[in-house]
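Open the model in your viewer and keep the selection tool at hand. This tour goes stop by stop.

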Amino acid sequence: MSTQPLLQRTAAKRIALPVKVEPKVAFANERTFLSWLHFTVVLGGLAVGLLNFGDKVGKISAAMFSFVAMAVMVYALYTYHWRAASIRKGGRGPYDDRVGPVCTLPPAARNKLTEPVHRQYSLPVAIVVNFVLRFTDGSSP
């Protein structure tokens with residue numbers, strides 16, 4: 001009898017197998033893209049309302065909210081195409097983005113340990129500027 005085991009391991013050789021990505025991953029990518037676009041439409045609607053029915057402060061805030069909405073649209077489109085290309089190539093992922101969603105949260109909802117302090121967050125800045133301009137304006141009732 002032999003002292004070697006029946007099933008021997010050969011050299012540490014990895015076999016490359018194609019990764020099959022399920023169609024639900026592509027649909028999830030589209031749902032995420034549409035969710036971001038829904039957010040931008042709501043933000044753009046707020047900006048249009050401020051632009052049409054606001055005073056000088058409202059117009060400044062409308063310009064800031066419009067800029068934020070357009071920036072989020074560009075971000076959503078870029079992320080959608082990046083994920084779609086990764087899915088088509090059969091990439092193993094991860095397909096998540098840890099920077100974009102954090103930029104739209106107020107500072108109290110973020111984890112201070114993982115985010116650098118110097119990063120600018122556009123939506124909270126626009127909201128704070130809106131409130132500061134509104135309450136420091138002497139002409140409001």
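What follows is a short walk through the structure, from the whole chain to single residues.

**Stop 1: the whole protein**

Start with the cartoon view. Bear in mind that this is a predicted model. Color by secondary structure. You will find four helices and zero strands. Reading from the N terminus, the order is α-α-α-α. Now switch to the surface. The protein has 141 residues, and 23% of them count as buried.

**Stop 2: the cavity**

Go inside next. How many cavities of 30 Å³ or more are there? The count is one. About 40 Å³ of space lies within this largest cavity. Color the lining by class: four residues are nonpolar, three are polar and one is charged.

How can such a space be found at all? Rolling a probe the size of a water molecule over the atoms shows where empty space is left.

**Stop 3**

Is A76 buried or exposed? A76 counts as buried because its relative accessibility is 3%, and the cut-off for buried is under 20%. Draw a distance between the two C-alpha atoms: A76 and W36 are 6.2 Å apart, although 40 residues separate them along the chain.

**Stop 4: H38 on helix α1**

Move to H38. Its helix is α1, which covers residues 23-53. H38 has a relative accessible area of 54%, so it is exposed; the cut-off for exposed is over 50%. H38 and M73 lie 35 residues apart in sequence. From C-alpha to C-alpha, the distance between H38 and M73 is 9.7 Å.

**Stop 5: a nonpolar patch**

Finish on the surface. Which residues form a nonpolar patch there? Select I127, F131 and F135. Together these three have about 330 Å² of accessible area. Zoom in on F131, which is found in helix α4, residues 122-136. F131 has 46% relative accessibility, so this residue counts as partly exposed.

**Before you close the viewer**

A76 is buried, F131 is partly exposed and H38 is exposed.

Methods
Residues numbered from 1 in each chain as written. Predicted model: local features only at pLDDT ≥ 70, side-chain atom pairs only at ≥ 80, totals over all residues. Heavy atoms only, no water. Helix = DSSP H or I, 4+ residues; strand = E, 2+ residues; numbered from the N terminus. Buried < 20%, exposed > 50% of the residue type's maximum accessible area, 1.4 Å probe, protein only. 1 Å grid on protein atoms, 1.4 Å probe; cavity = no way out; pocket = protein on both sides within 12 Å on 5 of 7 lines; lining within 4 Å. Points joined across faces, edges and corners; volume = space filled by probe spheres on them. Nonpolar A, V, L, I, M, F, W, Y, C, P; charged D, E, K, R; others polar. Patch = residues over 30% accessible without salt bridge, like charges linked within 9 Å, V, L, I, M, F, W, Y side chains within 5 Å. Areas by Shrake-Rupley, 256 points an atom, 1.4 Å probe, with all protein chains shown as cover. Salt bridge = Lys/Arg side-chain N within 4 Å of Asp/Glu carboxyl O.
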